[in-house]
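Please have a look at what's on the screen, and then I'll talk you through it.

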Amino acid sequence: MKIQIGHTLESSEIYGPGLRSVLWVQGCTLACKGCWNTQYWSSTGGITTSVDEIVEKWASTPELEGITLLGGEPLQQVGPVHALIRGARRMGLSVFLYTGYEPEELSTDMLDCFNMSDIVVTGRYVHELRNTNLRWRGSTNQIVHFPTPRYQALDIEEQHEVEVHLSSEGELSVYGYATDEFLTSIEVKS
Ligand code: SF4
């Protein structure tokens with residue numbers, strides 16, 4: 001089975017608990033005003049890759065606590081995303097799913113993905129409700145759900161998180177909700 005992926009981060013600590021592999025699933029028709037990820041809107045962008053290959057890569061990374069699927073809109077490729085979630089769960093990895101849909105908009109297959117995930121953030125990004133001090137979400141209308149018991153006792157401390165990655169070629173990449181001031185400061189230092 002194939003999936004269209006916009007971007008991959010092999011390990012991160014800001015998209016959920018512990019060390020996580022993060023996939024930006026390509027394609028989103030929800031068109032939230034002020035979306036930060038418009039490069040992932042086109043369903044033909046990114047690269048086509050095999051679900052099995054992704055799952056095999058997770059299996060060879062024993063330090064992972066889980067995976068995080070965001071986008072784009074992961075549930076607009078519900079078949080492959082369902083397969084990825086099943087693959088992660090088979091390995092004991094936790095699953096953090098982002099969706100711009102509200103729970104009542106989910107089809108049966110989408111709802112299956114929701115119910116198999118340990119953490120789900122739901123809801124469109126609403127620019128007027130933007131708050132960069134929230135943990136794991138960009139606007140105050142978005143809701144964090146814990147469909148399984150795995151993280152239900154977790155205390156979500158609201159905080160502003162940014163992660164900077166330096167590639168072996170010396171290229172800096174910034175993840176999370178970085179302020180303009182922060183971006184300017186690392187440009188000066190790099
Ligand atoms: S659901 Fe996410 S990717 Fe899609 S438009 Fe909204 S913020 Fe952007």
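I'll go through the domains, then the helices, then the ligand.

Two bits of housekeeping: residues are numbered from 1 along each chain as its sequence is written. And this is a predicted model, where local features need pLDDT of at least 70 and side-chain atom pairs count only at pLDDT 80 or more, while totals for chains, interfaces and linings use all residues.

Okay, domains. The protein chain is split into domain 1 (2-159) and domain 2 (163-190), with bounds that come from an automatic or database domain assignment. Their centres, taken over C-alpha atoms, are 23 Å apart. Six residues of domain 1 and five residues of domain 2 make the contact; two residues are in contact if their C-beta atoms, placed from the backbone, lie within 7 Å. On the side of domain 1 that touches domain 2 we get two nonpolar, three polar and one charged residues. For those classes, Ala, Val, Leu, Ile, Met, Phe, Trp, Tyr, Cys and Pro count as nonpolar, Asp, Glu, Lys and Arg as charged, and the others, Gly among them, as polar.

Now helices, which are DSSP runs (H or I, at least four residues) numbered from the N terminus. Take H1 (residues 51-59) and H2 (residues 78-90): their axes come within 10 Å and cross at roughly 25 degrees. The axes are lines fitted to C-alpha atoms over the stretch in contact, with angles from 0 to 180 degrees between N-to-C directions. So H1 and H2 are roughly parallel to each other, a label for angles under 35 degrees.

Which residues of H1 meet H2? They're Val 51, Ile 54, Val 55 and Trp 58, and on the H2 side you've got Pro 80, Ala 83, Leu 84, Gly 87 and Ala 88. By class, that contact of H1 with H2 has eight nonpolar, one polar and no charged residues.

H2 also has H3 (residues 108-116) as a partner, with axes that come within 10 Å and cross at roughly 25 degrees. That makes H2 and H3 roughly parallel, too. H2 brings Val 78, Val 81, His 82, Ile 85 and Arg 89, and H3 brings Asp 109, Met 110, Asp 112, Cys 113 and Met 116. Here the classes are six nonpolar, one polar and three charged.

Last stop, the ligand. Of the 13 residues around the ligand, Cys 28, Cys 32, Cys 35, Gly 100 and Tyr 125 come nearest, where being near takes a C-beta atom, placed from the backbone, within 6 Å. That shell has seven nonpolar, four polar and two charged residues.

Notes: Helix = DSSP H or I, 4+ residues; strand = E, 2+ residues; numbered from the N terminus. Parallel < 35°, antiparallel > 145°, perpendicular 65-115°, else oblique.
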